[in-house]
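Dear colleague,

I am handing over the structure below, and my notes on it follow. Please read them with the model open beside you.

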Amino acid sequence: MNVIRAIQMYIDKMISDAGAGMKLLMMDRETISIVSMAFAQSEMLQKEVFLFERLDSVRSNEKLKYLKCIVFVRPTKDNIFLLQQELQSPKFGSYYIYFSNIIPRTDIKILAESDEGESVQDFKEIYADYLPVNPNLFSLHIPTCLQALNWNPEALERSTQGLVSVLLSFKFRPAIRYRSGSTAAQTLAKKVHETINKETALFSFRPPEDGAAPPLLLILDRRDDPITPLLNQWTYQAMVHELLTINKQRVDLSGVAGVPKDLKEVVLSTEQDEFYANNLYANFGEIATTIKVLMDEFQKKAHDQRKIESIADMKNFVETYPQFRKMSGTVTKHLVLISELSVQVGQQQLFEVSELEQEIACRADHSTQLQRVKRLVSEGKISTANALRLVLLYAMRYERHANCDTSGLLKLLQERGGRPHIAPRMLEYISTVARQELFNTVKITDAVKLTRNLIKELKGVENVYAQHECVLKGTLEEIIKGRPLDAQYPIMGNEVPFRRPPAEVIVFIVGGATYEEALAVHRYNQEGHRIVLGGTTIHNSESFIEEVLAATVGVPFKHSRSLQQFHHAPAGTA
């Protein structure tokens with residue numbers, strides 16, 4: 001189960017079916033990202049794809065009859081209309097048309113009628129309608145999917161299509177479960193289930209043998225775990241996304257002082273960058289050590305006696321030896337990233353901030369934590385964004401505490417020019433399940449959960465910056481161990497639940513997944529399990545807060561009446 005490999009196989013087939021000769025690849029706004037996240041441009045050139053065009057861009061009318069045109073687009077109304085126009089006055093010698101998902105028969109008829117010159121040589125559906133982020137992680141790149149805590153209709157349609165595409169690319173007809181109590185998860189589960197039943201011919205895969213359980217599609221809701229996206233991260237990929245933002249594998253470094261011209265924007269791809277693939281889940285300290293080892297090896301060859309003891313030393317070393325840069329290939333790019341992360345950690349005092357975040361997320365100690373949050377927010381040494389996150393975590397944990405002082409913390413935040421209006425919105429965003437289970441405010445009667453919590457407390461934690469465990473980790477443990485799921489995760493349709501655990505699991509989070517959750521999936525996969533994680537988007541704390549604001553527009557303030565003075569954004573802020 002590798003989403004990158006699945007997309008690559010479709011693209012390879014698309015190109016090989018067109019045969020030998022010079023080819024142009026025509027895409028739309030979304031499929032261009034799907035292709036670029038699976039293959040580098042140089043790899044496409046090796047496949048005789050020499051030109052790339054957007055179907056929806058202004059193009060010249062020059063006839064290029066010697067070129068084969070491979071069209072790879074989503075089956076949208078706009079694309080059908082543009083293709084219709086293209087086929088009525090064809091520019092290229094032949095067309096090979098591939099849609100990234102199921103296309104209605106009526107649209108096929110429209111295109112066939114437009115192709116009067118019979119220039120279309122091939123016409124197929126391929127199921128590559130999602131962004132492959134990591135081998136075990138995909139995204140639909142929907143920044144905000146809810147409005148008034150219900151589905152935005154366009155986002156629901158796109159999520160249904162994306163999930164159906166993932167299932168078809170793995171040839172799965174799954175059992176579908178969703179988080180009970182989540183209307184959004186249930187609605188999406190129902191839509192996917194209806195599509196599978198409607199497209200029975202496409203989903204007529206051979207059932208599992210020997211009474212094995214079918215693959216599982218599990219649909220979860222971000223509102224059940226609003227803690228994970230708010231925490232600072234210390235593994236490489238997650239840290240880059242939190243502090244610098246990864247957008248479709250690209251990181252913008254143009255605002256970073258002293259960055260070489262050729263590194264103003266860098267690409268982070270597990271397929272095209274071996275160092276990145278090997279260190280994706282390495283923690284901050286480990287990756288700096290890995291780079292230092294590479295430099296030590298080069299030093300021996302160069303007979304250089306200088307001591308390299310810090311990230312700054314590493315940077316100076318690279319500037320002195322341009323040949324190391326050539327030899328090490330992508331390592332220089334990662335040194336620039338690590339250097340900037342190191343600067344951010346120092347400037348934002350992230351060790352202290354992160355330790356307190358973890359403490360609030362993992363254990364109750366109201367008076368001590370309140371004093372520490374107050375001090376950090378009022379001193380002004382940490383950014384207002386970090387101050388806001390601490391206040392949000394405090395507000396959620398101690399919402400029902402007798403001495404809760406969220407209001408006092410929001411006043412301090414307001415004095416610093418922060419965004420206090422986000423706290424009431426967050427309290428409206430989080431689900432009933434989160435209120436009951438995240439901070440154990442309801443007495444736990446489930447013996448398994450109770451035991452797990454006690455063991456967690458007794459074991460202690462080796463790393464104070466990694467105490468928190470995302471909700472998904474516990475959910476996957478329940479599935480893998482074959483525990484009954486029906487109460488918390490009802491099955492969609494009339495299917496009889498299997499008691500044996502499924503061999504393959506696809507998890508989809510409405511409201512966005514995180515790289516911390518991708519790490520939990522990776523660890524289970526290392527043990528031999530087959531799990532893929534997807535989400536409407538991949539969040540860092542900033543994008544998650546924007547999602548919360550969009551999702552709660554028009555929602556009445558039920559849980560945050562005591563914070564009435566902070567219900568609306570101060571003039572000039574969003």
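This is a predicted model: local features need pLDDT of at least 70, side-chain atom pairs count only at pLDDT 80 or more; totals for chains, interfaces and linings use all residues.

Residues are numbered from 1 along each chain as its sequence is written, and side-chain values use heavy atoms, with hydrogens and water left out.

The chain as a whole

The chain holds 23 helices and 15 strands, where helices (H or I, at least four residues) and strands (E, at least two) are DSSP runs numbered from the N terminus. Of its 574 residues, 52% are buried, a class that means under 20% relative accessible area, with exposed meaning over 50% and partly exposed lying in between (1.4 Å probe, protein chains only). Among contacts (heavy atoms within 4.5 Å) between residues at least 6 apart in sequence, 80% join residues at least 24 apart.

The second largest pocket

This pocket has a volume of about 630 Å³. The search ran on a 1 Å grid over the protein atoms alone, where a cavity is a set of points that a 1.4 Å probe fits but cannot leave, a pocket is an open set with protein on both sides within 12 Å along at least five of seven lines, and lining residues have an atom within 4 Å of a point; grid points are joined across faces, edges and corners, and a volume is the space filled by probe spheres set on the points. Of the 22 residues that line the second largest pocket, I102, I103, T195, K198 and E199 are the closest to its centre, and the elements that give two or more residues to the lining are helix 5 (105–114), helix 6 (153–169) and helix 7 (183–198). The second largest pocket lies between domain 1 (3–127) and domain 2 (133–225 + 470–539), because both give residues to its lining; the domain bounds come from an automatic or database domain assignment. By class, the lining has seven nonpolar, six polar and nine charged residues, with Ala, Val, Leu, Ile, Met, Phe, Trp, Tyr, Cys and Pro counted as nonpolar, Asp, Glu, Lys and Arg as charged, and the others, Gly among them, as polar.

Individual sites

In helix 17 (residues 406–415), the buried residues are T406, G408, L409, L410 and L413, and what covers them includes helix 15 (366–379), helix 16 (384–397) and helix 18 (422–429).

The loop between helix 8 (236–243) and strand 12 (250–252) contains K248, whose phi is near 50°, a positive value in a residue other than glycine. Q249, in the loop between helix 8 and strand 12, also has a positive phi, near 75°. K248 counts as partly exposed at 27% relative accessibility, whereas Q249, at 4%, counts as buried.

V71, in strand 3 (residues 64–73), is buried at 0% relative accessibility, and leaving aside its neighbours within four places in sequence, V71 is in contact with M26, L83, Y95, Y96, I97 and Y98.

Finally, N279 sits in helix 9 (residues 274–279) and counts as buried at 8% relative accessibility. Beyond its neighbours within four places in sequence, N279 is in contact with Y236, I287 and T290.
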